[in-house]
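Have the sequence and the 3D view ready.

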Amino acid sequence: MLKIRLLVAALAMTGSLSASGAESLPASAPAPENNPTTAEKVSLGKMLYHDPRLSSTGTVACASCHNTMLGGEDNRPNSMGVNGQTGGRSAPTVWNAAFNAVQFWDGRAASLEEQAAGPVTNPIEMGMKSWDDVVARLKTIEGYQDAFEKAFGKDSISKDNATKAIAAYERTLITPNSAYDKYVEGNTNAMTEQQVRGMKKAVEIGCTSCHSGPAFNGAGMFQKFPVNSNGYFEAQYHFQKDLGRAEVTKSDADKHFWKVPTLRNVALTAPYFHNGSVKTLDRAVWLMAKLQLNKELSDAEVADIVAFLNALSGEFPTQSMPHLPGTPGSSFN
């Protein structure tokens, strides 16, 4: 199982972390039975992920909002789609998304394959009218005919295979070997004293009751945010303007519920929260303690937790940019 054993009991009894009480991030992600990972799929998926021709204007690729040269998102409060449009939510990181039980902030996709299909036909994001139009466009590009054949066989350009390829590529985007991973594997010098203090404080105040598992993402948990309403902070950050999961389920019981996001590489993914309204990690930590746990943290405690969160930044696999298949002598549309 990928589920990490919470550290609460060990810390309560001993005041220290036992290296056997947690698991490091796996170096690879499991693939579903209907989409086993192959080198050919990953190569095709990398091309599709970086190709802006999957958008109506030829200007927006998956990588535009989920930049693998950075923290797997775009460091914007709200990502920019076709024709300069922006939505109301901040792009989640693609790094380690393979360990999410559900995808998108509101959990409306159950898999990476399902997630990959959404933005392409979203009118604000990539703006294609339909996947039939996407498939028709890909079929006019000879290089894609070859790449799909290598990955899936003859005459295989389809929505299903395109999303499978993108998902296969995304399952390679894993960032193991963080200072935290090395620490729980037994290297007690891998984390600084401040980072260890911050880890203990995060467990003590209850952060890991939601941010659990090797990816610190709650294994598919949804959590209300904010738990403790505060008019002063709402006026500043507008957290409750978006109904969250209720936009999908249409149930009042799901208002302001969100997928618990990963804390892996969180130091690299500012700004924070579903609407990108908080610019700095220290402010985000303080607000989470206040609004979720009803805890008032000191500046020193915030600094310690931020130091610990920095210890969750892993090693990023080298990303070589794909050579996209061209359309010699003509444009794609």
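How many aromatic pairs does a search of the whole structure find? Keep in mind that this is a predicted model. The search turns up 14 aromatic pairs.

Let's pick out two of them that share Phe216.

| Pair | Centre to centre | Angle between planes | Arrangement |
|---|---|---|---|
| Tyr180 and Phe216 | 5.2 Å | 70° | edge-to-face |
| Phe216 and Phe308 | 6.3 Å | 70° | edge-to-face |

Why does the pair of Tyr180 and Phe216 tie together parts that are 36 residues apart in sequence? Because Tyr180 belongs to helix 8 (residues 179–184), while Phe216 is in the loop between helix 9 (193–205) and strand 1 (222–224). Both Tyr180 and Phe216 are buried.

Now for the other partner. Phe308 is part of helix 13 (residues 299–310) and Phe216 is in that loop between helix 9 and strand 1, so this pair ties together parts that are 92 residues apart in sequence. Like Phe216, Phe308 is buried.

Rings can also gather in a group. Which residues form one aromatic cluster? They're Phe225, Tyr237, Phe239 and Phe273.

Arg108 has its charged end over the ring of Phe104, 3.7 Å from the ring's centre. Over the face of Phe222 you'll find Arg245, at 4.4 Å from the ring centre.

Methods
Residues numbered from 1 in each chain as written. Predicted model: local features only at pLDDT ≥ 70, side-chain atom pairs only at ≥ 80, totals over all residues. Heavy atoms only, no water. Phe/Tyr/Trp six-rings, centres within 6.5 Å; stacked < 30°, edge-to-face > 60°. Helix = DSSP H or I, 4+ residues; strand = E, 2+ residues; numbered from the N terminus. Buried < 20%, exposed > 50% of the residue type's maximum accessible area, 1.4 Å probe, protein only. Lys NZ or Arg CZ within 6 Å of the ring centre and 35° of its normal.
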